[in-house]
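Dear colleague,

Please find below the structure that I am handing over to you. I would ask you to look at it first and then to read the notes that follow.

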Amino acid sequence: MTARAPDVPQNRRMQIVRTADRPDLEAKTDTAFRERWPEFVLHDDVVPTYLPRVKEYFADFSVLLVVDDDTVAAGGWGVPFAWDQTVADLPDGYDGALRRSVTDHETGRPATTLSFMAVAVAGGYDKRGLAGRVLEALISRADHHGVDHVVAPLRPTLKHRYPLQPMAEYATWTRPDGLSVDPWIRTHQRMGATILGTAPRSMTVSGTVAEWESWTGMAFPASGAYVVPDGLNLLTVDRQGDRAVYVEENLWVRHR
């Protein structure tokens, strides 16, 4: 059952704040947004190496949409990096954007582009256009810092229903109005975004067979490829080596 969206009377205030300015909301933010991603996504191989530095270097590119100063309704964050505006120069995807942003910052390479990395809306606040407000707020942060270009390695909302279809094919599926069949892609298209191409190795998650069984609630009794809940692609399981690896393909879009 889908939670009913809480009533937000006209006299209640909704405002965008920097995440770093509201450390008191950290626990609420984690609780509100953790449910929006499958457990395995939270165990990305690259994140432990780079995310702590991303939080330190790029606090200005992380925002929350707060109701009445104490309720987190939505939020999102991004990373800035250098990009020459060609598809060939795009990072591999989510993991690649993390790496490049940190490396560029530490080597003094000026950023030209902001990449949206994640946006989430808390349960009960869906279908209010709040994700779009967060994206616009992040674009404003890019403007503030003189960053001219905006891209994103999207994780399409409904792609998990079609894990056997390549992302390049899925990206061409449209409704009669010409917009994507996928709600998350449509959100970006309505803001003027265009599709640049796929990110075949956007995210990699590896673990033991037992870890993956815990993350997915499934059993993997034999080696092979498996469809897993909320997986955009297949999981490859090696029972003999006690290893399972998931490589996720995302979709690069450009906002401007």
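**A loop residue and its contacts**

Asp 177 is found in the loop between α5 (167-170) and α6 (183-190). Please bear in mind that this is a predicted model. Is Asp 177 buried, exposed or partly exposed? Its relative accessible area is 47%, so Asp 177 counts as partly exposed. The side chain of Asp 177 makes a polar contact of 2.5 Å with the side chain of Arg 175. A polar atom of the Asp 177 side chain also lies 2.9 Å from the backbone nitrogen of Leu 179. Asp 177 and Pro 110 are 67 residues apart along the chain, and their C-alpha atoms are separated by 40 Å.

**The strands around β2**

Strand β2 covers residues 62-67 and is mostly covered, with six of its six residues buried.

Which strands pair with β2? Strand β1 (residues 14-18) pairs with β2 in the antiparallel sense over five bridges, and here Gln 15 stands opposite Val 66. Strand β3 (residues 71-81) also pairs with β2 in the antiparallel sense, over six bridges, and Val 63 stands opposite Gly 76 in β3. The hairpin of β2 and β3 has three residues between the strands, and in it Asp 68 takes a positive phi near 50°.

**Aromatic pairs**

The count of aromatic pairs comes to ten. One of them joins Tyr 162 and Trp 173: the ring centres are 5.0 Å apart and the planes stand at 90°, so the pair is edge-to-face. Tyr 162 is in the loop between β5 (149-154) and α5, whereas Trp 173 is in the loop between α5 and α6, so the pair ties together parts that are eleven residues apart in sequence. Tyr 162 is partly exposed, at a relative accessible area of 34%, and Trp 173 is also partly exposed, at 24%.

Trp 212 and Trp 215 form another pair, with ring centres 5.2 Å apart and planes at 70°, so this pair is edge-to-face as well. Both residues belong to helix α7 (residues 209-216), where they are three residues apart, about one turn of the helix. Trp 212 is buried, at 0% relative accessibility, and Trp 215 is buried at 15%. Together with Phe 40 and Tyr 246, Trp 212 and Trp 215 form one aromatic cluster.

**Salt bridges**

Side chains of opposite charge can pair when their charged atoms come close. In this model the count of salt bridges is eleven. Among them is the bridge between Arg 18 and Asp 60, at 2.4 Å from N to O. Arg 18 lies in strand β1 and Asp 60 in the loop between α2 (47-57) and β2, so the pair links distant parts of the chain, 42 residues apart. Arg 18 is partly exposed, with a relative accessible area of 25%, whereas Asp 60 is buried at 18%. Arg 18 and Asp 60 are linked with Asp 21 and Arg 141 in a network of salt bridges.

A further salt bridge joins Glu 248 and Arg 155, at 2.8 Å from N to O. Glu 248 is in strand β9 (residues 243-254) and Arg 155 in the loop between β5 and α5, 93 residues apart. Both Glu 248 and Arg 155 are buried.

Yours sincerely

Methods: Residues are numbered from 1 along each chain as its sequence is written. This is a predicted model: local features need pLDDT of at least 70, side-chain atom pairs count only at pLDDT 80 or more; totals for chains, interfaces and linings use all residues. Side-chain values use heavy atoms; hydrogens and water are left out. Buried means under 20% relative accessible area, exposed over 50%, partly exposed in between (1.4 Å probe, protein chains only). Helices (H or I, at least four residues) and strands (E, at least two) are DSSP runs, numbered from the N terminus. Two strands pair if DSSP finds at least two bridges between them. A polar contact is a pair of N or O atoms within 3.5 Å; within protein, one must be able to donate a hydrogen and the other to accept it, and residues adjacent in sequence count only if both atoms are side-chain atoms. Rings of Phe, Tyr and Trp (its six-membered ring) pair if their centres lie within 6.5 Å; planes under 30 degrees apart count as stacked, over 60 as edge-to-face and the rest as tilted. A salt bridge is a side-chain nitrogen of Lys or Arg within 4 Å of a carboxyl oxygen of Asp or Glu.
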